[in-house]
Structure formats: structure tokens, C-alpha cells
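Student: Could you walk me through a few side chains in this one? I'm new to it, so please go slowly.
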Amino acid sequence: MSPKPSENGMEGDDEREEESEEDNSEAEVDEEEEEDEPRLKYQRMGGSVPTLLQTDAASCIAVAERMIALGTHSGSVHILDFLGNQVKEFIAHTAAVNDLSFDIEGEYIGSCSDDGSVVISSLFTEERMKFEYHRPMKAIALDPDYARKSSRRFVTGGLAGHLYFNTKKWIGYRDQVLHSGEGPIHSVKWRTSLIAWANDAGVKVYDAANDQRITFIERPRGSPRPELLLPHLVWQDDSMLVIGWGTSVKIVSIRTHPNKGANGTFKQIQMSSLNQVDIVASFQTSYFISGIAPFGDSLVVLAYIPVEEDGEKEFSSTMPSRQGNAQRPEVRVVTWNNDELATDALPINGFEHYKAKDYSLAHAPFSGSSYAGGQWAAGDEPLYYVVSPKDVVIAKPRDTEDHIAWLLQHKYHEKALAAVEAGQGRSELLDEVGSRYLDHLIVERKYAEAASLCPQLLRGSASAWERWVFHFAHLRQLPVLVPYIPTENPRLRDTAYEVALVALATNTSFHKDLLSIVKTWPPVVYSALPVISAIEPQLTTSSSTDALKEALAELYVIDGQYEKAFNLHADLMKPDIFDFIDKHNLHDGIKEKVAQLMIIDCKRAIPLFILHRDVVSPSDVVSQLMAAKKKCDYRYFLHLYLHSLFESNPHAGRDFHDMQVELYADFDAKMLLPFLRSSQHYTLEKAHEICVRRDLLREQVFILGRMGNSKQALSVIINKLGDIEEAIEFVSMQHDDDLWEELIRQCLNKPEMVGILLEHTVGNLDPLYIVNMVPNGLEIPRLRDRLVKIITDYRTETSLRHGCNDILKADCVNLLIKYHKEAKRAIYLSNEEDGSRTKRDENGVSQLSERSTSIKNMEVKSKSRGGTRCCMCFDPFSIHDVSIYVFFCCHAYHETCLRDSIDSISSKKKKPAVAHPKEDLSYYNYDNGDNDDDDDDIHDEDDARVRCILCTTAAAG
């Protein structure tokens, strides 16, 4: 691959560099701390709320799944939708409403007031119940199943210090005091069967199902009096209670273990065995808590920043401050370890005059949210309501679009793009984010990064792609964009692709990318000819590279110019050039590229040259290889080519056989001798000289033998090779007695050779002749053993001759016997009118003899009709219209005559009655003598009984 451009694209090619640049060093800006993204977004509740609070002041709020209840200082309860529009109003009390509570179904709303009353109203009927307690009531909680159960239970408490558990009985409603004596009841919350309340001593939890008090959490030390800063209780789920009191936060986990009796009632067992209470988190804050609510796995805290006067925090009065120096309340998102995730100051109307207890916080839904990985499911985001006397602010988690807008505002384009690709925002956001991101990267001159993002940002818009293609071309940065340009979905205009390819071709750094793109892009999306015209002039310049040539070759193929592509492939030494030749039938073009093809792959080139000798002759191959002696090992290539050519056709390269002798001697001496024996087109003198120069002895022997210089050849074998056995073989092949004498003469002075000569001359030369020529006194090693071997070999040879003669004689006798047996057999010739009877008699005859028998029948019948007579009655066969029998002894009989003769002979010899003569004669039917010897053995008995009458009589006489 070509070297990748820098992050900023190609250096030195941006037209922006030609423009004047401002001196940024003169405009230094102090770095600011990175701003944290808010977790929540806020809006004031509209609808009827602003009008209501103009003449009244909000005191508390409660949220159900379908509506909101807002209590005021005038004693009214307003039912609102989530947009703030009033749905219903209850004038329930004559003093300020202190607390509100919905049941889980959202059908009933309970309220308590400083006028000492508790009112429970149905939202969908006219049902309303009012309970008088004659002391200011500060907290109320309806049974979550209030609408479902007939018991109509609720708990309430106030300044009297009693926590009342009200239940409907048969005779009416009855209050049960769950707890008293520890100061006013400030807050109460009910979840499933668990009731939590706060008084001056702390927080207690009661299990209504088991009628047992579960736990007590002591009031935080040093916290302001509850009258000045109320405690806040909220159930995060069925077993998790969050307590915010003063500057302390505690999260309590309660695990209940219900135990039922046999009749369905709960057993009364020890409290310690019923529940287990753990404080799973606890921390102190630097602010006062005006409200608390869960936020996924974190907390939302409404923080009040106290005003310090004389070094002490001011909580002297519950009345609004007349000085107007209070700070804005803050909404803080914190973890259970008090790690702040976000902090937002709220511009509450009149915040300067409010104390901590003037604020309250409610949230929905009660059951918590499907929170996972920092995000809520669509439509399940929690809502938070911050209430002050003259304002209601709604807070909710920021969604994906809010997140993306904030990232774009702070130029975090990459993060914004990642958020859009997550698919949680509107699809239209991708176009906006993409356009702004690309513009930003272009301004920053991060061309490569911008190009890599184009597939994600431009997607299937052909017009957008073409616009950016030409924009990058204008900036002279198009090569960095080319790898990402789509060829389908969308498909651009041909011009866009051609401009991109030319941009790659004109920059040497991107020639490899050009080759890759040409191989990758479908040829139908552009025209190759304009690109070829742009590349061809570069081949003769210094900017030409192998990658550019290969790309041009691919373009030639696309344009159908296969010959030009072949020439480039050959120059580039491409290994697949042979497949290219076969695919496009370019065998006529190989004539000028012999050396290149041999260098690329000689194993494939040589068969190609041999197959197409009519195009590239052996002289062309040899001349081109010799001309390329500086580029390759041309002699080795010549050897391989001429060797394969000789194996294919021994006469095709006869003009180069002299050269081939030397090549064999240099590269494959083992093949030289077979070549010398097979070829007739080399010069013997030159071949002998080469063999002498390279000391190839056996080749010298062969050449000397062919030259007729047998004695010199024999001398080389004996004196240089020292191989007497080969010398004997050589002399045997020459069939020259004088050469035998020469061999014996040269061996007489070498006792060992004389012994070997004695061993191997049996069958070629008389050993006695050699023994007689041996000088007296010559010591021959192992002479005795060798003489014994000579005699043994002679006896063996004689025995083999006798055995062969015996076998020959036996074969002759057997063949004569077989011939004699065949001659004794007869051929049955039937009358044409008697054909049906003949066919019945033929059933026992072998089918293999039918064809030859029919031929013989025709021959004998033709002779009989020509005047042949029966050897018994001497009548011509043509007179009697009866069947006849013909023997190979040339005797023939009428069937009746032969039958009578057999009967006569049988009676004379007094033999028992035999079967019908026809059955005896059936042996002869259509028998042509081609049966095996086994058949002869089977019929030996019949041959002894049924014979030619004349021949049998003559033999007997």
C-alpha cells in the first residue's frame, strides 16, 4: 500500500495555504475549564399554574401516573395535567395544605392542613371524606391499595405527636395510634406494607402486614430542628428508603421475611427474625436538603445554600427573609458516595426571600425508571417537580437530541456524531451533524479524517457525494477521499469517478491506491479511455512506477486492448501472465517476450514455446535467451528448453544438438549418454572433445564406439574406468573377434582382470582359449573357484539346452496327437428338407463350433454334389436324398450305409446292444476340432468305438 497521508491530508497542496493567514499568536485566549454537560433540563410549568400562583402560593405537590396535585396556602387542592392545565379543584381546607398523597391507581387524593383536618377525595366520583383531628396535620399517606381495598386505610400525623392509622370498620372509621410521644410527625410515606415516618427523634418503619415496628433510624446529630428544616423521606423501591435530613443522606435497605400461618394469617414472631435493615449508604453534604429523589442509580438533591451570618447558619425563622440575600436553590445529581455528577442553579422567582423549607421536590414515576447504562427507556424518563411558593419548575433527564445539541454547541463534533449513530435521535440530525462536522474538519485541515467520515455522514445522497468530491478536488485533497467513494447506492456520475482516478494517477504517492481502486471499482461506473489518456504520457517520465504500469494494464484490459496489457504484464514480470495469455488467446504475442516469460516461470514458458513452435521457433527462443545473458542464467534456460524440445521431438532442435551436448555436460551429465545414443545430429568430434574436457568416460566410450575407434574405447574402459565387466559387455555388442583378442591381450598383464574375464566369457568365448593364452607362472586370484564356476556354468548351459530340446519334442508330439484326434472326427451334413430333425440332434453340440462347422458343411456339400461317392455303396451323394457323414481322412458315407456297417461290426464282435446309431453318431455333429484338450479326453472312448469304416478295416488288416 502507498504511504498514508498525514492526518491533515497531503502536504503542500492545499490552496488555503496560498491565502493569507491571521497571526493567531496575537489573539491568545485563556483556557477555560471544561464545562460539564448538564444531566437535567428545566422548564417552568405553564398552563394554569402561573395564573393560580399570582393570587396564591404553592405549599406542596404530589405526582401520580396520570396527573399532578398542587396544594396552596389558601387550602385549595388543584388537579393538573402534566402541562399544568387545571383539571379539577378541591377547596378542601381553610388553612395551608401541608401534604398530599395519591393511591397507586391515582383515583384518590388525600390532603392534610393546618386547620386540623384530613380530606380524602375521589377524582372520578363525588365521594369525599373529611376527618377532624383538631390539631395542625403535617403529613398524610394513603394505602397504595386504597382504591382496591374496602378497608380504606391511611396514616396521618401532625403537631399533636400522634401517628394515626385509620381503617374502615363495620361500624365506621377507627383511628389507631401507631406511635406518639416523640414530638410532631413531620413526614410519612407508605410503600407496599411498609410505613416510614419522621418525628423529632428520628425515622421509624412499620410493617402493616405483620403489625410490627421494623426499625428506627436516629435523627442526625447537629441537624436543625424539624420545624426549620423538614426531613424528607422517599421510597426508591419496595425495600429501599432514602432519607434526607438537614445535611445528612442515608439510604436504608429493608429485607422483609413474611411468615404465614396455616390459615393465611401472619404468625407473631420476634422482630429480629422478621427483618434485616442495612444502611447501605450515608454521607454528609455542605448544603441543606430541601428535597431528595432517586435518579437511576444516583440521587437528585434539591440543595439550599444557607446564608452565613456571624459564622453561623441562619435558621432563626420560618418566615421569608426580609433582607433578600438568599441564594438560588440548586439541583444536584450525586452518587451514593456523594460524588457530584451535575449541579444546576435554578432561577426561581423570588428565591432571594425563601428559606429551605419553602421548597419541595416530588418525582414520578414512583416505581422508579427502567434505567440502564445511563439512559432511560423511551417514555419512561422520570420527571422532577421543584415547587416554591410562586413557581413550579419541571426537571427531566436530557434526551439524545439535547445531548447532541450541547455537544455541537461546545464543538464536540465527534461525540455528537457517535451519539447520532447510536440511533436514538432523529434521522435528520445526521445530516446536520455531518455537515457541521465535515465543515469543522475542513477548517481544521483534517482532510483524511473528514474523508473517512464521509460514508457515515453522506450515506446514500449522490448529490452530496458529488459536491464533496469536487470540493476535495478543488482543495487538491481528492486522493484521500477516493477510497471511500461509493460505486453503488449511490452511484455517481462517470465524471466524478474519472476525476478521482486521474487525481490518483498524477500523484506518485497514490499509485498503489490507484491500482487497488482500478481492481475494485466496477468498470461500468467510468470510462477507461480518459484515464488511459492521462496516464500514458507519464510512462516516459520519472513519475512512472510499477504500480502505475500495472494500473494502466488493468485499464487496457477494461478497454479491450489486451496486447498492450500483455506487454506491460511481461515487463512487470507478473506471475499470472500465462493465465492471461490463455484467457485472451495472445499466443501470437509471445514471440518477442521469450526472455521475460522464461524469467517469470520457465516451467510454464517452455511447454508454451514448444506447443506454439509455429509462432516462436527454436531459433527465436535460443537467440532471445542468448541476447538476455545479462538479465538471467540464459545457459540454464537453454538447457531446460532444448531438453524439453528434444523429448517432445528429437529432430525439432537438431541445429542446436552440438550446443545441447555441452549444456548436458554442464547441467545434467546423467542425461548426456541417453542423448548421445538417441540423437544423430551432433558432431562426434566436438562431442568427444567436450567429454574429454569434462572427463566423462562412459560418454567417451560411446562416442569412440560410434566413431569406429573400438580399440581406443576399450582402452578407456580398461585403463580409466577399470571396469572389466563393462569391457566384456562392450566387446560382446561389437561382435568383433579381433576386439576379443585385444581385450584378452590388454588383460593378460592384469591377473585380477584375467580372473573376471574367465568368469564372464561363458557363452561368448571358449574359456580354454583364454586359459591357453595365459602365460605360465601368472598368478590369478581365486583361480580354482573361478574354474569351478566356469565348469558349473558350462554344465548349466548344457543342461538348459537339453531341457529346451526335450520340451520342444514333447510339444511336437502333443500337437501331432491332437491333430490325429481331430482328423478322426466327422462332420454331419443333413438334407435341407430334413432340417428340423437336424436341429433337434444339434442340441448337444457346443455353440462355439457352429460358425466353423457351417463353413465346412458348405465346402463338403459343394464337393459331394460335384460327384463325390459314398465309400460303401459307391453311389453319388446326389442320387440319395439322405444325410451324409464326412471324415477328415476324406472318406464320406451315407448315414444309412454307415449305420449298417456299424451294426454289422458290432454284431461280429458280439458286443451288447448299443444305443441307436444316431446317438452314437451324434458325437460327430458339427465338430470342427476346435474343442479343448479336455473335450478330447471325454471323447476318447467314442473315438475307439466309432471310426471311419475303411480306415478301421485297413488298420485291422
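Student: Is D391 buried or exposed?
Tutor: In this predicted model, D391 counts as buried, because its relative accessibility is 5% and the cut-off for buried is under 20%.

Student: And what does the side chain of D391 meet in a salt bridge?
Tutor: The side chain of D391 meets that of R44 in a salt bridge, at 2.7 Å from N to O. The pair links distant parts of the chain, with D391 in strand β32 and R44 in strand β1, 347 residues apart. R44, for its part, is partly exposed, with a relative accessible area of 39%.

Student: How many salt bridges does the structure hold?
Tutor: The structure holds 21 salt bridges, and one of them joins E662 and R694, whose closest N and O atoms are 3.6 Å apart. Here E662 lies in helix α18, whereas R694 sits in the loop between α20 and α21, 32 residues apart. Salt bridges that share partners join R635, E662, D666 and R694 into one network.

Student: Switching topic, where is S117?
Tutor: S117 is in strand β8, which covers residues 117-122, and S117 counts as buried at 1% relative accessibility.

Student: Which side chains does the side chain of S117 make a polar contact with?
Tutor: The side chain of S117 makes a polar contact with the side chain of H93 at 2.7 Å, and another with the side chain of D115, also at 2.7 Å. Leaving aside neighbours within four places in sequence, S117 is in contact with several residues, among them K130, F131 and M137.

Methods
Residues are numbered from 1 along each chain as its sequence is written. This is a predicted model: local features need pLDDT of at least 70, side-chain atom pairs count only at pLDDT 80 or more; totals for chains, interfaces and linings use all residues. Side-chain values use heavy atoms; hydrogens and water are left out. Helices (H or I, at least four residues) and strands (E, at least two) are DSSP runs, numbered from the N terminus. Buried means under 20% relative accessible area, exposed over 50%, partly exposed in between (1.4 Å probe, protein chains only). A polar contact is a pair of N or O atoms within 3.5 Å; within protein, one must be able to donate a hydrogen and the other to accept it, and residues adjacent in sequence count only if both atoms are side-chain atoms. Contact means heavy atoms within 4.5 Å. A salt bridge is a side-chain nitrogen of Lys or Arg within 4 Å of a carboxyl oxygen of Asp or Glu.
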